[in-house]
Every structure is written in structure tokens, then in C-alpha cells.
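Dear colleague,

I am handing over a structure for your records, together with a short account of what was found in it. Please read the notes below alongside the structure itself.

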Amino acid sequence: MGSADDITEEKPRQLPSTASEEHQSHEEDLEIGDKNITNEASSPQSTDPPQRWNQSRMHIFRTLVACFGLFIMGMNDAAYGPLIPYLESFYGISYTTVSLVFLSPIVGYGASALSNPRIHLRFGQLGIAVLAPSSRLVAYIIISQHPPYPLLVIAYICAGYGNGLEDAAWNAWIGAMSSANEILGCLHGFYGLGGVLSPIAATSMIAKAGLQWYTFYYLMIGLAFLEVILAIAAFWTENAKKYREQNARMDTDDQGGRTREALRNRIVWICAVFLLIYVGIEVALGGWTVTYMIRIRHAPPFPAGMTSTGFWLGITVGRVVLGFITPWIGEKFAILLYLSLSAGFHMIFWLVPNFPVSALGVSLEGFFLGPMFPAAVVAATKLLPKHLHVGGIGFAAALGAAGACVLPFAVGAIAQAKGVQVLMPIVLAMLVMDAAVWASLPGLKKEKS
């Protein structure tokens, strides 16, 4: 703090100073979409030193606010599982219809992927800090009024839009920092912490206190309102001018060009498809495990609700602990190893017809699933040029949200005809597919320190 290094780190990137340099930069832009995988893996990165999360008090504050945003996101996503049985009875709807609460956020995530680069260029990170928590706040106010089911689905779309904005923005920002694996592990650890506390809060309020399901969203309203205030205070000076100076190649006349460039990049597509499958697995397990435990393992409602807590606790601990191991063995090998171990514990969860063993199996499965999202983001920031981080990671996160919507919805639709036990073979097949997709990614260097 206060050193020459700190001053250097905050120096904005400079625009090309001569016509020849500008022409050369333009030619480099055009080449990216047509490079082969090997060249993509060695795409030029910024020569500026990466930011550190603790380089100033304001940086620490912003990082903690980003973590708080992911905490609320985790509470949002993990609430589906405990609430599904009560939504079914409250609205008198089937598995397929109630599964629309999983499917609806994809619309919001898709809209966020298209608007994220534009918001950054017009308003900077401050735009994300205002729009993302405000979208969730509006959604939670609507849900708390237990509206007709179609309006409830629209409210979840609004929440998905806010989640999508933050998911891309904070992952791209922190993923480019020094010690990104460790910091992203902590960031996503807060997401997992929200996932741990959400089922406890929802199950306690409904099953123990006898409250209606929608009272849970009174709590979410308070958290979202607090985030609006904190996020605006933290990112007040992060305006469009500052963002464009730090990302000089993303000029305002080329917004669509950068989005198209990201979509032509094979690294973006590999990471996006990987996250589509991975997030689908994560949310399907988190969302349907409670119902599976009640219907198949015949567990009482409260212990069944706690298995969802165990799963998200496993994800939280895995993200924090394994986030320090992943850079030592390399992101590519680490994720393949974690997928293999997750598949092994999933088999225990599935094939051992004993409630305590199933609960332990799904918790350990969550532990090894935990670090995969942050590790994939770090891999993307290493393999992509800096000016594609927001657009590329935003698209990958949006496709990941599609997995979070489509796979749980598919499980619900199939469960309507075949029973909720279909969750197990579907998740196992998805784990195998995800390993195949990740194996196609170019190799990454291990971190030496």
C-alpha cells in the first residue's frame, strides 16, 4: 500500500500512439476469431501487472461486496430445492409446471449476456453495481406477494437477469487478479455459503415455524436492499471513463464487434459448454435432492432439507480448500480429477439405499464439484485476451445459467412420468459428458508459487 508497485498497478492501459500501432492492433483483433486452438491458448495478455484484491482498502471493500453479491446469489439458487414441495401444494401444480422456476432464469441470464458489455462501456462497473442488486430486489418484492404462478415465473426471470450481470462482471474482474484461483475460490465459497444457509433458513421457517413459503423472501428483500447500498458505495468511482481507459481496445464504436469476436473464439465455447453442463449438475442436485430423499429414501421433511444444506456446505468448503490446490496441479488436470471423484461419490449416493450414507455421499460430491466453476473462469482468463474477458465470461456464464435452468427442468419433466429417481443416471451421464468437454481444452501451465 502506497508503494511504487501499487501506483504502477493502477496505471490505465494506453491507446496506440501512432497510426501504425493502431493499424497493427486492429489486425490483431481480426486474427483472434480465426486462430486455431493452440494460438488461442497463447493469445496476448495485457502487459499491466494484475490487480491485487488487497492493494488498497477500497479494493478490499469492493471484493467483499462482490462476495456478498455471490452470497445472495447462492441463497437464491439453493432456495429452489426446499421450496419446490411447498410451491407444488400452494399452487396445486405438477412436477413439470413447478420446474418452470428453474427454466425461467435462463431468459434473464441471456439478456444479461447481451447487455453486460454495453453496460460496462456506458456506465462502468457502477452500472452493474446498481442494476444487478436492484433487479433482484424487484424480483423478491414480487415473489413475497405470492402472485399468480405466471407472474412468479416472470419474477424469477428478473432475478436471473441480476444474477447474470453479477456472475459475469465479478468473475471477469476477480479472475484477472493476482492469485485468481484462491480469490475466486473464496468468492464462490460465499456463493456456497449462501447455498448452505438458504435451505436451513427456508426449512426452519416453513417446517419448524409453520410459516408460508413466501415469507423466506422477506429475508431476501432485506439482503438485496443492503447490497444495493453497499454496491453503489463500493463502485461509485468505477464509471465508464475509467473502465474504457483500463480496457482501451473496447471502444464504444465496437461493442457488437467484441461480442461477435468472443462468440467466434473456440476457448469461449469450450468453457461455455463445460459450464452449461456443470451448473446444470450443481443446480439439479441442489434442487431435487430434497425431493429425492423424501420420495425415495423416505426421510422426514426436516432431515431431507438438511441434505441440501450438506450438499451446499460441501461445495463451499471445496471451493475454499481446493482453490489453493488447483493452481499447483493445473486447472485442466485438477478439474478432470475432481469430476472423477464426484462421479465416484455420486455412485455411492445413488446405489447405497441408506439415508445417512446418501447424505454423506451427496455432501462429498458437492465438495469435489465446488472448485470447478472458479477454476474454469481462471482458465478462461488465462487463455483469452483481456478485452474479451467480460464478453467471453459473460457468454459462458449465461450458457451455464442455461444448464442451471434446462437440466433441472428436464429432470422435473421426466420425473413427472418416471419418478424422481431419474435424477441419478442423468447426473452421472452429465458428469461423463463434462469430462469429455473439458478434456478438449488446451493445456495450461501450473503456477509455481
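Please bear in mind that the model is predicted.

To begin with the surface, Leu 313, Val 317, Val 320, Val 321, Phe 324 and Ile 325 make a nonpolar patch of about 460 Å². One of these residues, Phe 324, is located in the loop that runs between α16 (301-322) and α17 (326-329).

His 146, although not a glycine, has a positive phi of about 40°. His 146 sits in the loop between α9 (125-144) and α10 (149-175), and its relative accessibility of 33% makes it partly exposed. For His 298, likewise a residue other than glycine, phi is positive and near 60°. The loop between α15 (266-295) and α16 holds His 298, which counts as exposed at 63% relative accessibility.

Lastly, Gln 55 belongs to the loop between α3 (37-41) and α4 (57-78). With a relative accessibility of 4%, Gln 55 counts as buried, because buried means under 20%. A polar atom of the Gln 55 side chain lies 2.9 Å from the backbone nitrogen of Arg 52. The Gln 55 side chain also makes a polar contact, at 3.4 Å, with the side chain of His 59.

With kind regards

Notes: Residues are numbered from 1 along each chain as its sequence is written. This is a predicted model: local features need pLDDT of at least 70, side-chain atom pairs count only at pLDDT 80 or more; totals for chains, interfaces and linings use all residues. Side-chain values use heavy atoms; hydrogens and water are left out. Patches are made of residues with over 30% relative accessible area and no salt bridge: like charges are joined within 9 Å, nonpolar side chains (Val, Leu, Ile, Met, Phe, Trp, Tyr) within 5 Å. Accessible areas come from the Shrake-Rupley method with a 1.4 Å probe; for residues, only the protein chains shown count as cover. A salt bridge is a side-chain nitrogen of Lys or Arg within 4 Å of a carboxyl oxygen of Asp or Glu. Helices (H or I, at least four residues) and strands (E, at least two) are DSSP runs, numbered from the N terminus. Buried means under 20% relative accessible area, exposed over 50%, partly exposed in between (1.4 Å probe, protein chains only). A polar contact is a pair of N or O atoms within 3.5 Å; within protein, one must be able to donate a hydrogen and the other to accept it, and residues adjacent in sequence count only if both atoms are side-chain atoms.
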